[in-house]
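Please examine the model displayed below and follow its chain from one end to the other.

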Amino acid sequence: MIMNIGEAAKASGVSAKMIRYYESIRLIPTAGRTGSGYRVYSPTEVQMLRFIRRSRDLGFSVEKIEELLALWRDRTRQSADVKRLATDQIDGLERKVREMQAMIDTLRHLADACCGDHRPDCPILADLGHGVEHGSDCTTQQSGKAVPVQHFHSR
């Protein structure tokens, strides 16, 4: 069953704009055209778009998707090549998670150090401007006692 771009977009979960983009960068083959110039897609092309969508959902870059598509088409491929791409992606995602957790920890520490009151002193802004808190006379409650906030480095 041949589909127009709107139908292909709906069937694949890839927007028509992204389909045109993938075509322009040659991630997918140039679509066939009707006599009046409308793009048409076969079930095979829609399946390829679903493959791309799922790959994007898993965080693969366009360059890695090109490699995956080449392996998908190559019946003589070795599964070790596919697994290598997957494990490389896992490593990259785990690295991003660690980086994001470090950002969360830093922001949490900065937010905890900020009094959040009427005073203009703000260790959050000081850190953003200088990378280091420049002293706050704000205190925080720890174990029921008021304790001065410590100077810290954001990294």
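Read from the N terminus on, the elements of the protein chain follow the order β-α-α-β-β-α-α-α-α-β-β. The protein chain contains 6 helices and 5 strands; here helices (H or I, at least four residues) and strands (E, at least two) are DSSP runs, numbered from the N terminus. The model is a predicted one, in which local features need pLDDT of at least 70 and side-chain atom pairs count only at pLDDT 80 or more, while totals for chains, interfaces and linings use all residues. Residues are numbered from 1 along each chain as its sequence is written, and side-chain values use heavy atoms, with hydrogens and water left out.

Two values describe the protein chain as a whole. Of its 155 residues, 26% are buried; buried means under 20% relative accessible area, exposed means over 50%, and partly exposed lies in between (1.4 Å probe, protein chains only). Among the contacts in the protein chain with a separation of 6 or more, 40% are accounted for by residues 24 or more positions apart, where contact means heavy atoms within 4.5 Å.

Met48 is located in helix H3 and counts as buried, at 8% relative accessibility. Which residues is Met48 in contact with, leaving aside its neighbours within four places in sequence? They are Leu27, Ile28, Pro29, Leu69, Trp72 and Arg73. For one of these, Pro29, the C-alpha atom is 10.0 Å from that of Met48, and the two residues are 19 apart in sequence. Not counting residues up to four places away in sequence, Ser55 touches Phe60, Ile65 and Leu68.

In one of them Asp57 pairs with Arg53, and the closest N and O atoms are 3.1 Å apart. Asp57 and Arg53 are 4 residues apart in helix H3, so about one helical turn separates them. Asp57 is partly exposed at 47% relative accessibility, and Arg53 is partly exposed with a relative accessible area of 36%.

The next helices to consider are H4 (residues 62–73) and H5 (residues 79–113), which pack at an angle of about 160° with their axes 10 Å apart. Axes are lines fitted to C-alpha atoms, for helices over the stretch in contact, and angles run from 0 to 180 degrees between N-to-C directions. H4 and H5 are therefore roughly antiparallel to each other, given that angles under 35 degrees count as roughly parallel, over 145 as roughly antiparallel, 65 to 115 as roughly perpendicular and the rest as oblique. On the H4 side the contact is made by Lys64, Glu67, Leu68 and Leu71, and on the H5 side by Asp81, Val82, Arg84 and Leu85. These residues divide into 4 nonpolar, no polar and 4 charged; Ala, Val, Leu, Ile, Met, Phe, Trp, Tyr, Cys and Pro count as nonpolar, Asp, Glu, Lys and Arg as charged, and the others, Gly among them, as polar.

Lys64 is partly exposed, with a relative accessible area of 30%, and Glu67 is partly exposed at 31% relative accessibility.

Helix H5 also meets helix H6 (residues 123–130): their axes come within 8 Å and cross at roughly 135°. That angle makes H5 oblique to H6. Leu110, Ala111 and Ala113 in H5 meet Pro123, Ile124 and Asp127 in H6, and by class this contact has 5 nonpolar, no polar and 1 charged residues.

A further salt bridge joins the side chains of Arg119 and Asp117, at 2.8 Å from N to O. Arg119 is partly exposed, with a relative accessible area of 33%, and Asp117 is partly exposed, with a relative accessible area of 34%.

Technical notes:
Salt bridge = Lys/Arg side-chain N within 4 Å of Asp/Glu carboxyl O.
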